[in-house]
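Please look at the sequence and the structure before reading on.

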Amino acid sequence: MYIKENDAHPLLTIEGDGMFLGLHDSPESFLHRRVHVTALGTQLASRKADWIHLNGINQWYGGVHLEGNDSIWRWDAGTATIIRCT
C-alpha cells in the first residue's frame, strides 16, 4: 500500500509544521512531532474498512491487472497468489 501526503483518506496525522520527511532528510525536525493514527487507520488495522474501496487500485500482481475501487481480487502475501474476495 502506498500512502500519499495529501491523500483524501489519511491513515495518520502528524502535528507540527513542515512536510513529511523524505528518505534523505534529517530526522531532527521530525523527532519532536506527534504522530496519531486516524479513525480510518484504526478501522483498516482491524479490517473493518477496505483501502481499495476508498482509494482504488491500479497495480499488476502475478500477471493480473487490479484496477478500480471495487476490485474483487486481492494479493495474498501469505501464499504469494491472487485470491478472489468473497
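A residue is buried under 20% relative accessible area, exposed over 50%, and partly exposed in between (1.4 Å probe, protein chains only). Leucine 12 is partly exposed because its relative accessibility is 42%. The residue lies in strand 1 (residues 12-14). Strands (E, at least two residues) and helices (H or I, at least four) are DSSP runs, numbered from the N terminus.

## Model and confidence

The model is predicted: local features need pLDDT of at least 70, side-chain atom pairs count only at pLDDT 80 or more, and totals for chains, interfaces and linings use all residues. Residues are numbered from 1 along each chain as its sequence is written, and side-chain values use heavy atoms, with hydrogens and water left out.

The predictor's confidence in each residue, pLDDT, runs from 0 to 100. For the chain, the mean is 80, and 85% of the residues reach 70 or more. Confidence is highest in helix 1 (residues 39-45), at 93, and lowest in strand 5, at a mean of 80.

## Strands 5 and 6

Two strands pair if DSSP finds at least two bridges between them. Strand 5 (residues 73-76) pairs with strand 6 (residues 81-84) in the antiparallel sense, over four bridges. Arginine 74 has isoleucine 83 as its bridge partner in strand 6, and tryptophan 75 stands opposite isoleucine 82.
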